[in-house]
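Student: I would like to go through some labels and ask what stands behind each one. Please show me the model.

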Amino acid sequence: MRQINWTGHPFVDAGLAAIVAIVGVKRLEDLTAEHLEKAAKELERILLSDQALGIGVEKAFAKSALSQLFPNSELVNPSHWKGQTPEAKAENVRQKFREALKHDLEKAKISLVQSGDATCLVCGRKVPDTATTFVRKDKMPLLAGIVNFYPAFAYGVQVCGLCAFAVRFLPMSVMRTGVSNRLWFLHTQALEVAVEISKRYCWTKFNEAIAANETLEFYNRWQTAGDAGTVLYVLCELLGELSDQLREAYLHPLPTTAYLFSNDNRNPYVQPLPIPNELLIFLAKLQLKSQRAFQRFWQELLLLPEGLNEKERKTRIGFVQIVAQRLLSGESIIGMCLDEGNGQENRPPRLWGGWLGHALYLREVRKMPESKLAILERLGLSIAQSADAKKRIMELRKTERGDLYAIFLRYVREGWLKHDEFYTLLPPNSDTHASELRDILLAVIYEWQHCQEKGEEFPKVTEEMSLSPDETLNRIRQIGGKLCQELPNLTRWIGQLQTARSGERIRGVYLSAVQRGAMSFSDFTFLAPLGDRQKMWLLRDYLLAFLFERAREVLPEEEEIAVPEEAAIENL
Ligand SMILES: [Zn+2]
């Protein structure tokens, strides 16, 4: 007796999962010939029901939606729909389908026990020639783009009986996406997950339609929008109940992928939507940390509530579609989840999804260092609780990207940030933009306000951390320390540096320190490298941050901090 395993072919694997879902074994390897027989009976019962064939109901599922999976199958072929009455036609089609399925079942059973000289092109199984079938795209979606053309001019592709049989169960794993209504299924080697989807959204829904005497349809009643939105919605819904199994999905050799497809004769396509392991790990960790925060995160981000008016619905659909797409590609989402309540009186700003969810997403998916997250969380809380919070929030919201550095520098000046924290937030060669830092600060602030309103405690995610300086920061400290000791008029010099508006002017200020013996020439070339204006501005910011902190008692009264001209800020 040989065993059944995953094939790696998404369409066949989805069929295998649907077979397991209806016979209820624990592992694929446990499937026997009796299980296949039982599954075949169930498939017949559903696909040959009056409600599938369009008898006494509005439409024929077999000839419409199902034909997008298997065009020209036994259920579609017009020559099979012969007869005087609808019942007679249906009976004819039933007959043809039963024969074909029985044929596949026999070959599947042989493939299960006998070896041979033929190799299945899908799963690689060696079987006797008699157990193989030549399938074409009417039986196996997307086998070829051009009908009748296959390798070596063969009639089709040679597959084993098991693969041909399994793929017949594909409809029992397929759903539609919300709003866009495309066909899709999830390809995962985490059997429980694939089985649960097949049970819950396919077998059960088809059975319900038959019981209610309604036309069969692929499930599409999601309260969400878009392709990525539906995939994530299903995962989050399942995670609520199958957390352990879903948590393990990322341990399997093949990554979990959603396939959007149509095998329609005119416009066939398949589009894989890979689900990054980091995202699964993030969702699982969030759920472990707080069931409530997990619910809030996905419902506020993915749910399309009922009862919205047309305009609200349109806006919400756009939001859900984009945020879901960004989640799947691991992009930044925090900026678009800040709701400032624009134009609506008395509505306080909000962070959709909650801080706990966003902080974990930043850490697990965006790979933001813990130290950075800790600083932003602490700083955001300080701003939120400050006496002039309102003014500061406005300032953060309104400031242009290029001027954000100056705001962060001012935080150092005012004692809200230490110079090494400034450096940690905006390190050289960082790929986090200053605008994302601003969004994170606002997120913390909005969440804190929200908690205050509801009388809840702010969900703090990070602990205080000690920072370890790198080479660049050490050099800045060394240079700054010497300046503090040796410059005769430190206050004036700092004032000149912070208001210097051009690269030439900054160099001039540095040179004046060199002249007075407070800066070495190599320090000068380190701070003002030729031909790298951006780096020069960045190093100036670090040096200012150090001086603001170290020479606090002698700082000039001048508050303004010059920022680089447009050309130099492009990448800030
Ligand atoms: Zn095979």
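Tutor: The questions below take up the metal site, then a glycine, then the core. Keep in mind that this is a predicted model.

Student: What makes the arrangement around the zinc ion tetrahedral?

Tutor: The four donor atoms subtend angles of 104 to 114°. Four donors count as tetrahedral if all angles lie between 85 and 135 degrees. The angles fall within those limits, so the arrangement is tetrahedral.

Student: Which atoms coordinate the zinc ion?

Tutor: The SG atoms of C120, C123, C160 and C163, at 2.3 Å. Their spacing in sequence is C-x2-C-x36-C-x2-C. C120 and C160 link distant parts of the chain, 40 residues apart. C120 is in the loop between strand 1 (118-119) and strand 2 (126-127), and C160 is in strand 4.

Student: Why does C120 count as buried?

Tutor: Buried means under 20% relative accessible area. C120 has 3%, so C120 counts as buried. C160 has 0%, so the label holds for C160 as well.

Student: And why is G54 called partly exposed?

Tutor: Its relative accessible area is 25%. G54 is in the loop between helix 3 (50-53) and helix 4 (86-113). Leaving aside neighbours within four places in sequence, G54 is in contact with K59 and A60.

Student: Which residues touch the most other members of the largest nonpolar core?

Tutor: W355, F408, Y411, W493, Y510 and L543, out of 203 residues. Beyond four places in sequence, W355 touches residues including I334, L362, F458 and V461.

Terms used: Residues numbered from 1 in each chain as written. Predicted model: local features only at pLDDT ≥ 70, side-chain atom pairs only at ≥ 80, totals over all residues. Heavy atoms only, no water. Helix = DSSP H or I, 4+ residues; strand = E, 2+ residues; numbered from the N terminus. Buried < 20%, exposed > 50% of the residue type's maximum accessible area, 1.4 Å probe, protein only. Contact = heavy atoms within 4.5 Å. Core = buried A, V, L, I, M, F, W, Y, C linked by side-chain atoms within 4.5 Å. Donors = N, O, S within 2.8 Å, 3.2 Å for Na, K, Ca; no water. Tetrahedral: all angles 85-135°; square planar, octahedral: opposite > 155°, others 65-115°.
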